[in-house]
Amino acid sequence: MDIPNKIRKQLDTIYEAWDNPDYVVDYMGRYLPKKGDVFNIRHYHHIDQNRSNNEVWNLVPLSYEDHIIEIHSKNNKVVKKMIYNFMIERYPEHKAHYKKYLI
């Protein structure tokens with residue numbers, strides 16, 4: 001199930017770069033384009049990997065490499081810990097959820 005356009009637009013606004021509306025900022029402070037080819041464009045990852053849970057607090061912007069390679073292929077704990085820190089700053093009320101799925 002794809003993320004509904006309404007939610008994707010909301011996320012693009014939440015994570016939008018303060019100085020350039022064509023980009024979102026990820027957990028490392030990198031600028032990821034909102035538009036472009038699949039290898040460059042920002043991706044939104046479902047933290048709990050439940051693709052029907054499209055709550056804003058359950059979705060994090062990632063680069064293609066971080067999303068496909070680091071999270072899904074390598075199951076990289078270092079990246080997950082950095083995402084955890086990034087998300088609890090924004091949504092501290094969901095810390096237990098992030099801890100369960102990222103740590």
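Trainee: Is Glu89 buried or exposed?

Mentor: Glu89 counts as exposed, because its relative accessibility is 63%. Exposed means over 50% relative accessible area, buried under 20%, and partly exposed in between, with a 1.4 Å probe and protein chains only. Bear in mind that this is a predicted model, in which local features need pLDDT of at least 70, side-chain atom pairs count only at pLDDT 80 or more, and totals for chains, interfaces and linings use all residues. Residues are numbered from 1 along each chain as its sequence is written, and side-chain values use heavy atoms, with hydrogens and water left out.

Trainee: What does Glu89 form with Arg90?

Mentor: A salt bridge, with the closest N and O atoms 3.8 Å apart. The term means a side-chain nitrogen of Lys or Arg within 4 Å of a carboxyl oxygen of Asp or Glu. Arg90 is partly exposed, at 37% relative accessible area.

Trainee: How many salt bridges does the structure hold?

Mentor: Seven. One of them joins the side chains of Arg42 and Asp12, at 2.8 Å from N to O. Arg42 sits in the loop between strand S3 (31-33) and strand S4 (43-46), and Asp12 in helix H1 (residues 5-14), so this pair ties together parts that are 30 residues apart in sequence. Helices (H or I, at least four residues) and strands (E, at least two) are DSSP runs, numbered from the N terminus.

Trainee: Are Arg42 and Asp12 buried or exposed?

Mentor: Both Arg42 and Asp12 are buried.

Trainee: And which residue does Asp66 form a salt bridge with?

Mentor: Arg30, and the closest N and O atoms are 2.3 Å apart. Asp66 belongs to helix H2 (residues 64-73) and Arg30 to the loop between strand S2 (20-25) and S3, so the pair ties together parts that are 36 residues apart in sequence. Asp66 counts as buried because its relative accessibility is 5%, while Arg30, at 30%, counts as partly exposed. Asp26 is linked with Arg30 and Asp66 in a network of salt bridges.

Trainee: Different topic. Where does Asn76 lie?

Mentor: In the loop between H2 and helix H3 (77-90). Asn76 counts as buried, at 19% relative accessibility. A polar atom of the Asn76 side chain lies 2.9 Å from the backbone nitrogen of Val78.

Trainee: Last one: where is Met28 found?

Mentor: Met28 is in the loop between S2 and S3. At 46% relative accessibility, Met28 counts as partly exposed.

Terms used: A polar contact is a pair of N or O atoms within 3.5 Å; within protein, one must be able to donate a hydrogen and the other to accept it, and residues adjacent in sequence count only if both atoms are side-chain atoms.
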